[in-house]
Amino acid sequence: MPRDGGFLEEGIGGLSHNFLTGKLEDIVRWSRARSSWPAQFGLACCAIEMMAAGGPHYDLARYGMEVFRASPRQADVMIVAGRVSQKMAPVLRQIYDQMLDPKWVISMGVCASSGGMFNNYAIVQGVDQIVPVDVYAPGCPPGPETLMHAILTMHHQIETGELLRRRETTGAGAGITVEQLDGQADTSVALGRR
């Protein structure tokens with residue numbers, strides 16, 4: 001008996017949309033946005049700010065992100081915090097490939113986003129060359145406030161379904177840049193990266 005798609009093969013996308021499945025899809029997106037688990041991927045000084053965001057003062061537990069997963073198979077958000085060397089790039093891609101689908105990426109800091117002040121052969125000049133980046137958090141390093149703003153922006157895009165639509169259409173990340181909220185000067189302008 002031939003199958004014509006349906007729920008067993010395509011999941012929720014295989015159901016014809018009506019008032020019940022439309023609401024079910026909204027509930028799935030809402031729960032994805034509020035239960036995203038980040039993978040531990042701190043590479044440089046930005047990782048200190050990422051750890052501060054997970055501490056009691058900023059409390060990422062409010063967003064369901066208190067547990068940084070050591071296994072990529074238990075994570076669906078990668079926060080690339082710091083510069084990525086050419087030697088680390090294949091490892092970063094391997095961890096990204098092992099993460100659960102759907103998965104999202106936040107690029108934290110100018111070094112991860114554009115290579116920063118390290119304009120040389122040893123540093124990847126933008127992590128978007130390795131993995132699709134959904135949200136960029138600017139700064140050197142961006143403070144916990146900026147990271148939390150990036151996370152909330154990502155959650156909103158997940159809840160509306162915009163990130164998955166963009167990923168299906170272009171195959172790349174959304175590339176959204178958030179405003180820096182921690183009071184530091186925007187160093188990407190000084191580095192000529194804009």
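1. Five strands, in the order β1-β2-β3-β4-β5, make up an open sheet, and their pairing is parallel. At its edges stand β1 (38–39) and β5 (176–177), each with a single partner strand, so one side of each is left without a neighbour in the sheet. Strands here are DSSP runs of E of at least two residues, helices are runs of H or I of at least four residues, and both are numbered from the N terminus; two strands count as paired if DSSP finds at least two bridges between them.

2. Please keep in mind that this is a predicted model, in which local features need pLDDT of at least 70 and side-chain atom pairs count only at pLDDT 80 or more, while totals for chains, interfaces and linings use all residues. Residues are numbered from 1 along each chain as its sequence is written, and side-chain values use heavy atoms, with hydrogens and water left out.

3. In the sheet, β2 and β3 pair in the parallel sense over five bridges, and Ile79 stands opposite Ile106 in β3. On the other pairing, strand β3 (residues 104–108) is joined to strand β4 (residues 135–137) by three bridges, again running parallel, and the bridge partner of Ile106 in β4 is Val135.

4. Two helices deserve attention beside these strands. Helix α3 (residues 46–54) packs on the sheet, where it touches β2 (77–81) and β3, and its direction makes about 135 degrees with that of β2. Helix α6 (residues 144–160) also packs on the sheet, touching β2, β3, β4 and β5, with a direction at about 155 degrees to that of β3. Contact means heavy atoms within 4.5 Å, and the axes are lines fitted to C-alpha atoms, for helices over the stretch in contact, with angles from 0 to 180 degrees between N-to-C directions.

5. How many of the residues of β3 are buried? Five of its five residues are buried, where buried means under 20% relative accessible area, exposed over 50%, and partly exposed in between, computed with a 1.4 Å probe on protein chains only. Trp104, Ile106 and Met108 point one way from β3, whereas Val105 and Ser107 point the other way.

6. Taking a disulfide as a pair of cysteine sulfur atoms within 2.5 Å, the count comes to zero disulfides. For Cys46, the nearest cysteine sulfur, that of Cys45, is 5.0 Å away, and Cys46 is buried at 5% relative accessible area. For Cys140, the nearest cysteine sulfur is that of Cys111, 5.4 Å away, and Cys140 is partly exposed at 31% relative accessibility.
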